[in-house]
Amino acid sequence: MGRVTERRKVLRIRDGAVSSRADTLVAEEPLEIRLNGKPLAITMRTPGDDFALAAGFLVSEGVLATGSDLQNIVYCAGAIADGSNTYNVVDVRTAPGVTIPDITLERNVYTTSSCGLCGKASLDAVRTTTRWPIADTPRLRVAPELLAVLPDRLRESQRVFDRTGGLHAAALFSEDGELLDVREDVGRHNAVDKLVGRALQSDGLPLSRAILLVSGRASFELAQKAVMAGIPMLAAVSAPSSLAVDLAAETGLTLVGFLRGASMNVYAGEDRIALRTAASRG
């Protein structure tokens with residue numbers, strides 16, 4: 001839609017020299033997600049891949065699991081008083097017969113670009129609602145040497161970040177390190193939803209042979225989205241939260257943090273890491 005970036009005037013100070021110039025910034029706008037005509041959630045996001053974002057969000061909420069669950073997604077015309085379309089409201093229509101979980105009904109949720117939807121009732125809620133339990137899927141094995149090169153491959157694909165320096169990214173890699181898809185957004189959780197939504201739209205769920213890599217930290221929210229999409233491995237370049245580690249341990253998710261070059265910490269699911277030698281202990 002051409003709204004991924006915007007230009008703003010900035011006062012630039014460099015070594016005492018002052019100048020005025022236009023700077024390129026990442027766009028941030030609200031997106032209201034409606035489910036079968038009823039308001040469900042509002043998230044702050046970078047415009048683009050809005051339908052995929054909405055679909056991925058509903059995968060993480062347990063509403064959608066396959067492409068056949070989705071009837072259509074449309075922008076809502078007349079979203080504001082003058083009747084014009086802001087392209088900031090989408091309505092997701094589920095296919096006839098799709099059961100809507102109670103957790104999504106009569107709930108107006110506000111999610112932010114920084115933390116996403118927070119406050120799940122319990123770890124059990126995720127473990128028991130996922131359609132594809134990770135522990136039941138065939139084990140993939142990934143060498144640390146392969147994981148080590150993935151952040152650079154992700155960074156090379158961040159086209160908007162190169163212009164703004166203000167976007168998070170999430171990417172899906174194959175177990176052989178092939179980049180399958182990458183999305184950018186002001187919120188890491190939105191970038192993951194866009195990946196998952198695109199997979200759902202192409203009947204690619206579950207992502208049981210994929211590695212999810214995110215810029216920044218690994219929150220409970222991101223671990224939840226990985227589990228709900230059947231992704232067996234989540235890696236982050238920064239730290240995980242304690243609740244993310246707990247969820248990974250509960251569900252069998254492999255969780256890697258501080259992935260920086262050849263250094264990394266494996267917080268859960270270490271059996272998917274193919275070590276050449278026995279890990280030192282102590």
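Where in helix H3 does a kink lie? In this predicted model, the kink is at leucine 150, shortly before proline 151. The bend there is about 25 degrees. Helix H3 itself covers residues 144–156.

Stay with H3 for a moment. Leu150 and Pro151 are both buried.

Now follow S13, which spans residues 263–268. Alanine 268 belongs to this strand. Is alanine 268 buried or exposed? Its relative accessibility is 5%, so alanine 268 counts as buried. Setting aside neighbours within four places in sequence, alanine 268 is in contact with Ala248, Ala249, Leu253, Thr254 and Leu255. Methionine 233 lies 35 residues away along the chain from alanine 268. Their C-alpha atoms are separated by 9.6 Å.

The largest nonpolar core has 55 residues. Which of its residues touch the most other members? They are Leu205, Leu212 and Leu234. Take leucine 234 and leave out residues up to four places away in sequence. Leucine 234 then touches Leu212, Val214, Ala218, Leu222 and Ala223, among others. Its list also includes Leu253, Thr254, Leu255 and Val256. A second core is separate and holds 18 residues. Ile211, Met233, Met264 and Ile273 are included in that second core.

Methods. Residues are numbered from 1 along each chain as its sequence is written. This is a predicted model: local features need pLDDT of at least 70, side-chain atom pairs count only at pLDDT 80 or more; totals for chains, interfaces and linings use all residues. Side-chain values use heavy atoms; hydrogens and water are left out. A nonpolar core is a set of buried Ala, Val, Leu, Ile, Met, Phe, Trp, Tyr and Cys residues joined through side-chain atoms within 4.5 Å. Buried means under 20% relative accessible area, exposed over 50%, partly exposed in between (1.4 Å probe, protein chains only). Contact means heavy atoms within 4.5 Å. Helices (H or I, at least four residues) and strands (E, at least two) are DSSP runs, numbered from the N terminus. The bend at a residue is the angle between axes fitted to the seven residues ending there and the seven starting there.
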